Structure formats: C-alpha cells, structure tokens
Amino acid sequence: MASYKLNINGETKEVEAVEDMPLLWVIRDLLDMKGTKFGCGQSLCGACTVHLNGVAVRSCSVQISSVGDGEITTIEGLSENGDHPIQKAWVEHIVPQCGYCQSGQIMNAAALLNSNASPSEDDIVAAMAGNLCRCGTYNRIKEAIMTASKSL
Amino acid sequence: MLPNIPFLKNKNREDQSKVFSPSRRDFLKFGSLATGGLFLGISFQCSGPKGETVTFAPNVYISINSDNEVTLVAHRSEMGTGIRTTLPQIMADELGADWSKIKIIQAEGDEEKYGNQNTDGSFSVRMFYEPMRKAGATARHMLIAAAAADWGVDASECDTENGMVVHAGNGKKLSFGDLASKLKDAPLPDPERVVLKDFSKLKLIGTDVAIYDVNDIASGKAVFGADVNLPNMKIAVVKRTPVIGATVISYNDEKALAVPGVEQVVKIEGSGFPPGLDKALEGVAVIATNTWAAIKGREALEVEWDLGENQNYNSGQQLAEMLESTKGKGKVRRERGDFDTAGRSASKTLERTYEAPFYAHATIEPPAAIADVKEDGSCEVWAPSQHPQWARGAVAAALGVEIANVKVNVTLLGGGFGRKSKPDFVVEAALLSKAAKAPVRVQWTREDDLHFDFFHSHSAQRINATLDSSGALTGWNHHTVFPAIGATGSKEELHPSDGEMGLGCVDFPFDVPNIRIESHESTGNTRVGWLRSVSNIHHAFAIHAMMDEIAEARGKDPIENALELLGEDRDITFQSEMVGGEYGNYGEKIEDYPWNTGRMKNVIRTVAEKSNWTANKAAGKIMGFAAHKSFLTYVGCVVVLEKGSDGKTIISDVYYAVDCGIAVNTDRIRSQFEGGSQFATSLATTSAITFEKGQVQQNNFDTYQIIRMPASPKTIHVHIIESQIKPTGVGEPPVPPFIPALANAMYQMNGQRIYKLPFTI
C-alpha cells in the first residue's frame, strides 16, 4: 500500500492504494465517483474512459502508480452543469439508450474534439472505434459529435 | 420446477388483474384502480399541520401534492428501451399534466402492488397502454370534478391541460396542486364514468419525447447496478464452476487472504446440474474492501474441482450431431396437407441447412448486485433487474425467508436483452451478504459474464421446399433443433417448447398447401436463456434466407414472391394445424391480436417504397429483403450494401417499415430499430460462443466481438406505420428480419448463399 495524491477534476485527492490498482477502481471504489464505468477491464470497450492531461485513456488499464501529478478529468468534471458542447449535443440527439457506455463515449468524444475541433466523419469513426455500445447508438453518437463540433 | 419462461404464459389479463381486479372493483365499489387506492389507502398523506404538503394519490402510479409536484411511478425496468419514459408519457398525456415538470420515480419490485414488472418479451406497452391511460384518466376525472365543484360549473365544461384544470367558458384555471387538498375526502369515481380521451386529443402519445434520464446519463449521474454504495459495503468476486454442474472438492484460500484488502473467502453451494434459471452457480467467493482486491484475491485462490458430467462437452460436435439429426424424422409440431405427397409430385426440390452459434448477451454493464442481509434475516437488494419480483422470490428462497422480508430496489440496467431477467447474480449477493454480515456488492467481470451467461442456444435447421411444374411452392418442411431454455431447469426438456416453436417457426405465415414443421432432440449442457427476440433469431434467418432462394427458383423478385405467398388479406391462425401443442401468440389470444397478412403486406410494400426497391435494384444496387412478425409487431426490412474504397463491404443503408399499432414514443421506436439493426449486425457477422471440454472459449471483447462504429450500418431509416390499432412492442422485433435481409444482400454482392452464422461481410 502507498499513499497517492491525485489531481482529479481540479481537486487534489489523497488515497491509499496498492500500486497496481487501476485508476478505474480508485475512482469508483476509493473516491466513490460512479460516473466512470467498468466494462471489460482490458481496454477493449471504452466504458471507463477518462482524460489524463486532456487525452482519453482507459482507466481500467492505467495503474495508479503511473498517474503521478497528471490531470485527471472524469465525466463528473467535464463541465460544471453537464453543459459541455458534447453533452448538450448528446441531449439534443437523445443519444443514450441504456446509457451505461455513454460516460465513456462522451469522454472519448470530448477528447477527440480537444485534438481535432472539426473532425470529418471518417475521423469520428476512427476515433470512436474503441468504444463499444451494445444498444447500438453509434449513428446518433456520430451525429452528436458533428453537432458539437459545429458549435465549438 | 419448470422455469418461469415469460413468453409461455398468458400473462396479460392475469397480471393486470392484480392491480385492476374486477372482483376487487366490485367489492370496493369505487373504480378499476381501486386496488392501487387500497394499497395507498387513497393516500392523502397530511405530513404535518395545516398548510403543509398534502398528497393526492388516486392509484399507485400517480401522486400530486399541494406543492404542484406531479410524480409518476415507472414500474417496469429501464434497460435502454425507454420504457421508464414511455409508460409515464401515456399517463401524463391522459392526465393532461405538464410533461416538463413531471417527476418519475422507480418502483421497487412488488407485483401485488404494481402489476407485472417482468420487463421482457416486448410487452410493456402492449400490456400497460390501457392501464396507464385509465390511471391518468381517473386522476383527471377527479381533478376536474373538484375544480368544477369549486367553480359551481358542470364538469363537462372543464378539461385539463399543462397541469391545470381549465374551464372552457370563463377561462378559469386551477393547478393540480391547488386541487390536491380539495380531493381529500373524494371517493374514486365509478369506472364507467371515467372516459378516456379521444385519440385526436392526445398530445404526447405519437410524438418524440426525450427519455427522462438523458441529462443524468450525459452528466454521469445516472445510477446503475454497481453504482449504489452503502456504508461498510464489501465487494465480492466469485470463482465459479468452470463447467456447468462442476462442484468444489476443496479450496485453499491462504494466498487469497494474503492479498491486501481481502477479508473473507466463502464457498457458494451451487444448484448442481441442471443449473436452473434462478440459482447461484457453485463457486468460491472472495470478499474484500474494494473490487481490485477481490479480483486479485480470486486470482490467488486455489480450487480443486470435480468437473462433473459436462466436462467433455464440445459445442461444435453437438452442432454437427444436431445438424445430422435433422435428416431424420422429428417430432411433428405443425402439419397442413401432406408434405410427402407434395414431395413425390415436385418438379423441383430445394434442401438447405442453416446453423447458428451460441450467443452471449454481453451487456456492457456486467451483472452486479448489492444485498444487505440484516440481523433479523430481512434483506434489501439493489439490482439492475429486468424481473424484480422473480429476484425477490429467488432471494427469499435462497435465504429461507418470507418474500415479504425481501425488498428489491431496481436501478437502471446497463443493457439487459434478457440476461438480467435471471436473478442468479442477485442471489449470490444475498448469500454473500449473509455470510459477510455486511452489505455486499457482487461484481462480475467481463470474463464471468461471457463464461456464465444464460446463452442463446446454438441451432441447426433443415428446410425442404417443393415446387411444382408451374413454379408454385407446394411444400414446406422445416426441421429445427436447439437446446431448449427449459433444459436449463430439467433434463427431460429435449425439444423446444411450444413457446420457442411459436417464435418464428410454427407461425410460418406463407400460404403453402403442404406444411410440416418438426423439432428434434438435443440436450442442454450449459445455461441457456432468452436473448433479444429469442428463437426468432435463428428461425427468421433460416426461413427468410430460404424464401430468397425460393423466389429465385420461381424466377420472382423476393418482395413480389413474399407478397404473393402471403395470399389474400386475412387473419390467419395456426392452432388447427398444431400437432400435440399450442400456438402461444406471445401470450395473447389470437382473436385479440390476430396474425393479419394485410398488415404484413403493408409493411413489405412500405419498405419497398421507402428503399426505392424496384428502381434501385434495376440500377444495380445491392439489396436484400426480409419481413418478419415477432412479438405481435410487423416488420419489413431492406439492407443495402456497398463496396468501400478499400474493397470492404459496407452496410450503407437499412430500411425498416414497422407496424406496431399505436406508436407511443416515436423517438424511442426509431432508436430501438436503429439499435436493433446494430445488435443484429453483431449476431450476423461477429459473435459466437463455443465450448470445449465444457468450457466457454471466449473471454472478453477480443474474442467475443460485437460490432464497433466502423462496422455499424451507416444510415438507418425507420418508417412507422400510422395506426390506431392497440399497440405492440418494439424492443425485439427489429432483430429477426435484419439477419436474413443482410444474408440475402450478401448473395447479391458475391453470389454466395449464406447458411451459417456468423458470416464475414
């Protein structure tokens, strides 16, 4: 066990954890922030996507010992009032069905727009290929990202 | 005990009666919603001295308080269909409430109180459309009566809109909240006097209403199964029987207990074999302070197993044997005319076989449940359950307590598709909480989910079709074999049940003079269950792929062929041709929900028109067609393929025409079809579960693949037929016709017929 100071959603949080504990379980179990979801534990589904220094990472596969003082952003910290352009577009297109994968989809999409404010359809498809949705909301996800990119 | 298989029982009237009981109505003399009122005691909850909030609750689904808050109860589980929005939407429309201010709360599992809560079989809207309207109408009637009395006018001059009672003549208005306290001593109205709104006056039904939870989901606040946190809660991860029916000989927990955070190791007694649908599997649980510790503890656990009777089970071998068996005579399930005679006089015979694999549900939320068994033996559960009443009963049975001592709170479900009907994981949480003497969340990993699912059965089918010299289709002989859902509960269930045969097999609608439909024996060697559209998945694939070949053999366009073979517009029944069984019609009487060929032909013509079938085919577009009725909803489907610049096949367009009767939430109907085509794309092209030595060979999304955005159909067009016929469901019906439509399009693409799922596009 070791003590870690995490920079998460603009705050510093101190946790005691084993060094190989994935960031996902630190966030969910130790910090009790439940917006980030567990789906596969192997970086195969994207449900646990968060930002590390503005870049999308799969928190199930990032060990806490490797985070250092990197800036972590979770769905709870993406915007003050759920009004990030991506979130607004998600509501406008009524993207979610069950909703479980959507935190990860939104975080991945927001990271895409961080690096490419005007993605083409091909850019979106390539960037979102790591995020699974079993309900099948892919078409609306694509449309919502297009809408959000126009509003930036 | 035979499993509670939802589509087998006539649940509709029976289950409604729990809440809308005629006998109780007569007894209480105040309304069809009396039972609801009874349970809430016609609930006027004066929570304090005069001036404090008063609540008017004319039935279990609606409450209105003097602060003008209208709260509607969603009693069916939300797993992505939008039902948590759609049923309240119906009530609110009939009530005349202001939708933007409605609050929705989720009911706990209590079927005595709320009626049927078993959320599967695409029947929520079918079963509850009318009860929800009655619930809303009763409240509206009472609010109007109170306002009319206050104003000294006749109730017929008043109506409700946007949460107010409005007088047509003088323009007076009173909010629902202002009327709540006036309804304090009002009896429920005579049900005969509660009249539903004229269809033309409905404002929410038939429109796009955004799901209630969309903001919470988009901001990460929505609460799913694993998101509930309780003080002192422990986390459990279970090492389950590697082969269904295996038992623990011994285990060594020394290394597991040495993992930091691990507190306890507990054996779970399994149900043996057959495993049952609502029991925990044999296993050893590691209970820890956090999920990661539990996972690491399980890795360190050493268990010696007696692998039991399925240790040599090989699904590929069974499938080959099943396919071989279809060459022989099976158990006849439906017979019309004499297929043998048709065969002897045929000028052409087509004989084709179709195979489909086991499928896993693979909800992105793996099973997880929280239980808190208290010192007095009572238990409170939080679970993403499709069937909370079943979970309640299964937990009570496992703990040996009365059902009244188990409370099941229903969270949102991160996908269901039939998996989360089964309460095995909820039972695990309860058993482990009892052992830990603390609240426990049992957390399944993805590997657990894929290894220990209730799988959709693999299947083999053989269809023989005969044509005479004029090209008429004279005979249809369909053989089907797949391990039955019932085999999960009983080794004697060797044939598919009537319920399973009624899912797209014996309800073969085409007007062929000689029909023989047969099933063959197979054994269950794992846990099988129902997956979105159930046996329709493989039956529709075989039948409509075969129809495409028949059309070709007859020199006809597939759509022209289907329209011709459906025959005259009429209601068809199957019961008189059933052999030794019943045609279930999804639990509804066929008189109430007939199989109408005219409605089917209408969706076929509509999808042909919307896809510009004739002109696009003539122009060389690559298109496939199938139409299939399931869960009482008629669906026509056209799939269009293109070659991408990289030579890969792209599903460029999917066209659906759907007749589900009255369309309640048009946006959610479209979303179910958009998602259904994507779900079906996975079944058709990427997914398969196989067993070797009794064990599932796939572990995670690398080997059990579901489609990703690049493989998703690019554009999905959904046309909803306008109708005032009573509504039917849309959760499952998008899946069955898509797979054969895609297979038929692939034939147009490369000239190769498809006989086995999954296939590469």
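These legends describe close-up views of a predicted two-chain model.

Local features need pLDDT of at least 70 and side-chain atom pairs count only at pLDDT 80 or more, while totals for chains, interfaces and linings use all residues. Residues are numbered from 1 along each chain as its sequence is written, and chains are lettered from A and ligands numbered from 1 in the order in which they are written.

**View 1. Chain A against chain B.** The contact joins 44 residues of chain A to 48 residues of chain B. Two residues are in contact if their C-beta atoms, placed from the backbone, lie within 7 Å. On the chain A side, α1 (23-30), α2 (85-92), α3 (102-115), α4 (121-128) and α5 (138-151) each supply at least two residues. Helices (H or I, at least four residues) and strands (E, at least two) are DSSP runs, numbered from the N terminus. This side of chain A holds 26 nonpolar, 13 polar and five charged residues. Ala, Val, Leu, Ile, Met, Phe, Trp, Tyr, Cys and Pro count as nonpolar, Asp, Glu, Lys and Arg as charged, and the others, Gly among them, as polar.

**View 2. The two domains of chain A.** Domain 1 covers 2-77 and domain 2 covers 85-151. The bounds come from an automatic or database domain assignment. The C-alpha centres of the two domains of chain A lie 21 Å apart. Domain 1 of chain A brings 15 residues to the contact, and domain 2 of chain A brings 12. On the domain 1 side, β3 (49-52) and β4 (55-58) of chain A give two or more residues each. β3(A) gives the most, with three residues. By class, the domain 1 side has seven nonpolar, seven polar and one charged residues.

**View 3. Chain B as a whole.** Chain B has 22 helices and 30 strands. Its C-alpha trace spans about 85 × 75 × 55 Å along the principal axes. The radius of gyration of chain B is 27 Å, which agrees with the value near 27 Å for a compact globule of 761 residues. That radius is taken over C-alpha atoms, and the globule rule is 2.2 Å times the number of residues to the power 0.38. Among contacts in chain B between residues at least 6 apart in sequence, 79% join residues at least 24 apart.

View 4. Of the 761 residues of chain B, 59% count as buried. A residue is buried if 20 or more other C-beta atoms, placed from the backbone, lie within 10 Å of its own, exposed if 12 or fewer, and partly exposed in between. A nonpolar core is a set of buried Ala, Val, Leu, Ile, Met, Phe, Trp, Tyr and Cys residues joined through C-beta atoms within 7 Å. The largest core has 266 residues, of which V381(B), A430(B), C637(B) and V639(B) touch the most other members. Helix α6 (residues 124-151) of chain B gives the largest share, 12 residues. Beyond four places in sequence, the residues touched by A430(B) include A371(B), V373(B) and V381(B). A separate core of five residues includes L319(B), M322(B), V481(B) and F482(B).

**View 5. The loop at R570(B).** R570(B) lies between α18 (558-566) and β23 (571-572) of chain B. R570(B) is exposed, with 12 other C-beta atoms within 10 Å. The C-alpha atoms of R570(B) and G598(B) are separated by 6.3 Å, although the two residues are 28 apart along the chain.
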